[in-house]
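I opened this model to look up its pockets, its sheets and a few backbone angles. The entries below follow the order in which I checked them.

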Amino acid sequence: MYKLALTLLFTSIVMTSYSQKQIFPLYNGSIPNSISSSEKEEKNTDQQGFIRYGKVTEPSLEVWLPPKDKATGAAVVIVPGGGYWIVSYTNEGTDIAKEFNKMGIAAFILKYRLPSDKTMKDKTIGPLQDAQQALKTVRSRAKEWSVDPGKVGIIGFSAGGHLASTAGTHFQKSYIDNNEGINLRPDFMILVYPVISLSDSLMHKGSRDNLLGPNPSQESVRFFSNELQVTPETPPTMLIHASNDKAVKVGNSIKFYECLVKNNVSAEMHIYPTGGHGFGIRPAQSPDHWTDRIEHWLKSLKILPGE
């Protein structure tokens, strides 16, 4: 009986912590820049239980709110990676949301459209539209979710890091309907083993091909090489990478960091000697939790209350 009571208590605590989780369509009504298509979303679950989505045409936002007694008012839009081919929803989505909730940060997982000529009029801007819409949604519904609209950031992984950094360097122009004039600039960026550059020397070919096509113009390559788009208005940025990343060269993070510093943008970078690519919460062979470093950094920015 005692064990049963403990089990029910634990279950109640867990349910209370995440009872406000909800998923809803990113857009009300029609989805901008979309084409009617027979493409159907694919959901795959591997042996570890990790969920990945392919052929995403109907974007959504999943809300993870921290317990009210821990909520700080800060929020983050989470952009999973997947080479603009899939959305790595568990490893770089729900697992990350839980970590941010522990810090008292509201987390919003973006399942964004994957670029396709079959489903979009202009596939190069489709994901960016969804990232901007996610930021707009969080700020427009900030009161409902007890969020401070001046403390809304974005985190992206791998190709999701490219999308996050695109949102953080291309916010001057709205690619969505924004008659309300809601601020589309993230207040901070966290980029984890990110694709940054689409140049020949640093690109992740799969990401570039999926976003821009196999023979992109130099103009589009430059426009979406986000190290070239940094200005003094680019949000404060934290970069996390591993030196032995064989999929996305660590030079992406290094180059972006250099451009941030050159433009007097507050920046911090942590490069692990090992970890490879796609490590999610913890780099392989390292006892470090990079999320602890994120928490300290956000305190230094006054996004989170100090100790």
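The model is a predicted one.

By these classes the lining of the largest pocket splits into six nonpolar, five polar and four charged residues. I noted a volume of about 320 Å³ for the largest pocket. Its lining has 15 residues, and those nearest the centre are Leu26, Tyr27, Asn28, Gln133 and Lys136. I then asked which element gives the most to the lining of the largest pocket. It is H3, with four residues. Strand S1 (22-25) and H3 each supply at least two residues of this lining.

I went on to the second largest pocket, which holds about 260 Å³ of space. Its lining has 18 residues, with Glu39, Lys55, Trp85, Pro115 and Ser116 closest to the centre. I sorted this lining as well and got six nonpolar, six polar and six charged residues.

**Eight-stranded sheet.** I traced an open sheet of eight strands with mixed pairing, in the order S1-S4-S7-S5-S8-S9-S10-S11. At its edges are S1 and strand S11 (267-272), each of which pairs on one side only.

Strand S9 (residues 189-192) runs parallel to strand S10 (residues 237-242), and the two pair over four bridges. Leu191 has Leu239 in S10 as its bridge partner.

**Three-stranded sheet.** I also found an open sheet of three strands, ordered S2-S3-S6 and paired antiparallel. Strand S2 (42-45) and S6 are the edge strands with a single partner strand each, so one side of each has no neighbour in the sheet. I checked the pairing of strand S3 (residues 51-54) with S6 and counted three bridges in the antiparallel sense. Gly54 stands opposite Ile86 in S6.

**Positive phi.** I searched for residues other than glycine with a positive phi and wrote down two, starting with Tyr84, whose phi is near 55 degrees. Tyr84 sits in the loop between strand S5 (75-79) and strand S6 (86-88). Is Tyr84 buried or exposed? Its relative accessible area is 4%, and buried means under 20%, so Tyr84 counts as buried.

Ser146 was the other one I wrote down: its phi is positive, about 55 degrees, and it is not a glycine. I placed Ser146 in the loop between helix H3 (126-140) and strand S8 (152-157). Is Ser146 buried or exposed? The relative accessible area of Ser146 is 55%, and exposed means over 50%, so Ser146 is exposed.

**Record.** I looked up the annotation last. An unreviewed UniProt entry places the feature "domain: BD-FAE-like" at residues 61-259. In the model I found the end C-alpha atoms of residues 61-259 to be 31 Å apart. I noted that this span is 31% helix and 17% strand.

Note on methods. Residues are numbered from 1 along each chain as its sequence is written. This is a predicted model: local features need pLDDT of at least 70, side-chain atom pairs count only at pLDDT 80 or more; totals for chains, interfaces and linings use all residues. Side-chain values use heavy atoms; hydrogens and water are left out. Buried means under 20% relative accessible area, exposed over 50%, partly exposed in between (1.4 Å probe, protein chains only). Two strands pair if DSSP finds at least two bridges between them. On a 1 Å grid over the protein atoms alone, a cavity is a set of points where a 1.4 Å probe fits but cannot get out, and a pocket is an open set with protein on both sides within 12 Å along at least five of seven lines; lining residues have an atom within 4 Å of a point. Grid points are joined across faces, edges and corners, and a volume is the space filled by probe spheres set on the points. Ala, Val, Leu, Ile, Met, Phe, Trp, Tyr, Cys and Pro count as nonpolar, Asp, Glu, Lys and Arg as charged, and the others, Gly among them, as polar. UniProt positions are given in the numbering used here, feature names are shortened, and annotations may be inferred rather than shown by experiment.
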